[in-house]
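Welcome, and please take a moment with the sequence and the model below. We will walk through them together, from the whole chain down to single residues.

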Amino acid sequence: MYIDTLSSVKNPRIKELVTLQERSRERRESGLFVVEGTRELEACIKGGFVIDTLFFRPEIYPLERAKETGCQQLNEVTAELYSKIAYRDSTEGVIAIVREKHTSLEEFTLSANPLIIVLEAVEKPGNLGAVLRTA
């Protein structure tokens, strides 16, 4: 496990994070995506996704909790830097870069009366949230 402390937007890991946040093409090509917040991160872990890189504010999201994610690249970030990389107002002090997981249709098992939603290229979390609330 590697733990680093970051304070500059010029750091290559921060630049990668910002690029992934801003460019859907980069997300598609790299097979990585960004999640922000404890609930979202826990859902990824529960779903079997691999956490590639974790950025956290230790005074909000403790190091012990960061270690529990199984991520090998942990990055403590300063409050000033976190305010620049976070895109939501309240995120519980954690942002992660996560590896995509590819699943084929043959791997799905459906209940007798399933509700199925098919989406492609959802770029903003709010759009997905709106679809789920509507369903």
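The paragraphs that follow begin with the overall layout and then visit some helices, a strand and a loop.

A word on the ground rules. This is a predicted model, in which local features need pLDDT of at least 70 and side-chain atom pairs count only at pLDDT 80 or more, while totals for chains, interfaces and linings use all residues. Residues are numbered from 1 along each chain as its sequence is written, and side-chain values use heavy atoms, with hydrogens and water left out.

Let us start with the chain as a whole. Its secondary structure comes to six helices and five strands; helices (H or I, at least four residues) and strands (E, at least two) are DSSP runs, numbered from the N terminus. Along the principal axes, the C-alpha atoms fill a box of roughly 50 × 30 × 25 Å.

How much of the chain is buried? Of the 135 residues, 32% are buried, where buried means under 20% relative accessible area, exposed means over 50%, and partly exposed is in between (1.4 Å probe, protein chains only). The accessible surface comes to about 9,100 Å², and carbon and sulfur atoms hold 51% of that surface; such areas come from the Shrake-Rupley method with a 1.4 Å probe, and for residues only the protein chains shown count as cover.

Take the contacts between residues at least 6 apart in sequence: 61% of them join residues at least 24 apart, a contact being heavy atoms within 4.5 Å. There are 18 positive and 21 negative side chains, and the centres of the two sets lie 3 Å apart. Lys and Arg count as positive and Asp and Glu as negative, with His and the chain ends not counted; each charge is placed at NZ of Lys, CZ of Arg, CG of Asp or CD of Glu.

Now look at helix α1, which spans residues 12-22 and has Ile14, Leu17 and Leu20 as buried residues. They sit on the same side of α1 because they cover an arc of only 125° around the axis, the arc being that of the directions from the helix axis to the C-beta atoms. The general rule is that an α-helix has 3.6 residues a turn, so residues three or four places apart point the same way. Turn to the other side of α1 and you will find Pro12 and Glu22 exposed. At the start of α1, a side-chain oxygen of Asn11 comes to within 2.8 Å of the backbone nitrogen of Arg13.

Helix α2 (residues 24-30) holds Arg28, which is exposed with a relative accessible area of 55%. Between Arg28 and Phe55 there are 21 Å from C-alpha to C-alpha, and the two are 27 residues apart along the chain.

Which residues of α3 are buried? They are Thr38, Leu41 and Cys44, and they lie on the same side of α3, covering an arc of only 125° around the axis. Their cover includes β2 (32-36), β3 (51-56), α4 (63-67) and β5. The face turned away from this buried side carries the exposed residues Arg39 and Lys46. Thr38 itself has a relative accessible area of 13%, and beyond its neighbours within four places in sequence it is in contact with Tyr61, Arg65, Thr91, Glu92 and Val94. Just after α3, Gly48 takes a positive phi of about 85°.

The side chains of Thr53 and Asp52 are joined by a polar contact of 2.9 Å. Setting aside neighbours within four places in sequence, Thr53 is in contact with Cys71, Gln73, Asn75, Ile95, Ala96 and Ile97. A polar contact is a pair of N or O atoms within 3.5 Å; within protein, one must be able to donate a hydrogen and the other to accept it, and residues adjacent in sequence count only if both atoms are side-chain atoms.

Our last stop is the loop between β5 (94-99) and α6 (125-134), where Ala121 lies. Phi of Ala121 is near 55°, a positive value in a residue other than glycine, and Ala121 counts as exposed at 59% relative accessibility. Thr109 is also placed in the loop between β5 and α6, and Thr109 counts as exposed at 73% relative accessibility.
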